[in-house]
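Here is a short briefing on one protein chain.

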Amino acid sequence: MPHQYDIILTGAGGAGLSLAYHLSQGAWQNKTILLLDIAQKQLNDRTWCYWSTQAPYYPQAHTYSWPRLDFFGPKGVFRQSGLGQYRYYCLKGEEFYRIVWEKLARLPNIHFRAEAVKKIEASEKSAQVFTDKEVYEARWVFNSIPALAGLPVLPPDAMKQHFLGYFIKTRQPTFDPHTARLMDFRVAQDNEVRFFYLLPFSKTEALVEFTVFSPQVHSKDIYQQHLHQYLSTHYPRLDYEIQEEEWGIIPMHQPSRPASPPKTVIHIGTAGGMTKPTTGYTFRNLQEYCAQLTQKWDDFEVLPSEAYYFSPARFYFYDQLLLHIIRHRPAQVASIMQALFMGQSFASVLRFLDEKSTLRHEMQMFWQLPWSPFLKALYETHLRPSIRRLAFPLLWKRPHLGRAASTGPGTL
Ligand SMILES: Cc1cc2nc3c(=O)[nH]c(=O)nc-3n(C[C@H](O)[C@H](O)[C@H](O)COP(=O)(O)OP(=O)(O)OC[C@H]3O[C@@H](n4cnc5c(N)ncnc54)[C@H](O)[C@@H]3O)c2cc1C
């Protein structure tokens with residue numbers, strides 16, 4: 001007989017913990033909630049950065065904030081600018097885990113088990129979760145384990161964002177603590193997309209990261225060499241010590257959804273398509289999702305439509321074109337980014353990346369970008385396949401028109 005709960009959260013990372021936190025202060029404080037993860041996360045395994053016009057999420061946690069960003073293009077073109085109403089925020093993973101677990105530990109209806117989830121089986125009115133130790137059942141399962149989200153297994157050459165960051169401490173005051181560096185393209189692209197990212201936590205402390213978009217993850221020494229080279233070139237004679245590292249791989253793909261997903265299992269976080277494939281940013285989507293779900297969910301038996309996350313169709317399309325360029329014309333990405341960040345206010349760019357811009361604003365923005373890579377991407381991703389689909393039946397029905405038809409059905 002499975003152990004019974006009202007809600008089970010499989011995966012207690014960014015998504016599972018954010019949802020547990022929101023549920024614990026929403027209407028379902030009388031419902032039993034089980035969190036399942038291989039281990040209770042506590043370490044600083046990632047920094048969560050996001051931008052917002054509001055105060056930071058989780059006010060009891062220490063969140064760093066920057067009112068300005070800067071950008072370096074490939075040939076040193078530089079722009080530094082305020083963010084208007086926006087602030088760029090960073091919440092360290094260890095801080096997030098600490099404040100969420102402190103809250104959850106005080107609540108008798110929330111339970112945690114350190115077990116590996118093997119399988120989730122959905123039925124009409126409930127779902128069962130099989131771990132390496134037990135079987136559990138709940139009315140609703142929110143899953144953030146990508147391997148159990150029914151997504152197609154990605155081929156080894158799938159596009160990824162991979163990065164190594166150093167948390168450094170310098171002897172001399174070096175950084176401007178009011179300005180975060182979002183992208184610095186002053187590095188050879190080498191048939192990939194490569195840039196640096198720098199978050200100054202104070203005049204003497206920063207996270208500096210070397211980020212690559214490509215299918216192939218490199219050996220660690222490649223990222224290390226680039227980081228040392230960057231620091232010695234742009235901060236000559238810098239005396240620094242590396243205090244911590246941040247290593248990450250984020251998939252850059254657009255998950256296609258099953259036509260009729262099970263109603264009792266809802267995928268969230270990266271597993272639920274909340275990671276923007278062209279940037280890797282997830283945290284803000286996640287917090288907005290959790291806030292909306294818990295606000296709108298007033299009948300426990302019926303999930304509101306907000307429980308099923310979708311990125312608006314036109315942003316899916318824009319991401320599709322940019323992902324195609326990243327894969328097939330990586331050398332052009334730096335100049336696209338330069339045109340994007342030089343052509344309008346940083347606040348406008350952030351609003352667009354947030355998928356909150358208007359169509360009019362997007363058209364004005366696209367006007368500033370180099371058109372040719374996008375037109376080629378549009379042709380290769382949409383027009384050429386449509387032309388083929390249309391032409392194929394014609395060739396098939398009228399054998400005298402084409403060579404392919406004359407070869408016979410066996411070769412088609
Ligand atoms: C190093 C790094 C830095 C990042 N920085 C940012 C950032 O600055 N801003 C941003 O918006 N996004 C960032 N991201 C993207 C990030 O993935 C998401 O923000 C967030 O972690 C997604 O939450 P999640 O719950 O979907 O995934 P995770 O946080 O990875 O949680 C998934 C959980 O599932 C558990 N799990 C996996 N398999 C099993 C199993 N079989 N059984 C039980 N449990 C299992 C894992 O232990 C994990 O705790 C970063 C990612 C990485 C890797």
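The chain has 10 helices and 17 strands. Both are DSSP runs, numbered from the N terminus: helices are H or I with at least four residues, strands are E with at least two. This is a predicted model; local features need pLDDT of at least 70, side-chain atom pairs count only at pLDDT 80 or more, and totals for chains, interfaces and linings use all residues. Residues are numbered from 1 along each chain as its sequence is written.

**Overall shape**
- Along the principal axes, the C-alpha atoms fill a box of roughly 70 × 65 × 40 Å.

**Burial and contacts**
- Of the 412 residues, 32% count as buried. Buried means 20 or more other C-beta atoms within 10 Å of the residue's own, exposed means 12 or fewer, and partly exposed lies in between; C-beta atoms are placed from the backbone.
- Of the contacts with a separation of 6 or more, 73% join residues 24 or more positions apart. A contact needs C-beta atoms, placed from the backbone, within 7 Å.

- Tyr 58 has a positive phi, near 50 degrees, and is not a glycine. Tyr 58 sits in the loop between β3 (47–52) and β4 (63–66). Tyr 58 counts as partly exposed because it has 17 C-beta neighbours inside 10 Å.
- Asp 190, also not a glycine, has a positive phi of about 50 degrees. Its loop runs between β13 (179–184) and β14 (193–200). Asp 190 has 11 C-beta neighbours inside 10 Å, so it counts as exposed.

Notes:
Two residues are in contact if their C-beta atoms, placed from the backbone, lie within 7 Å.
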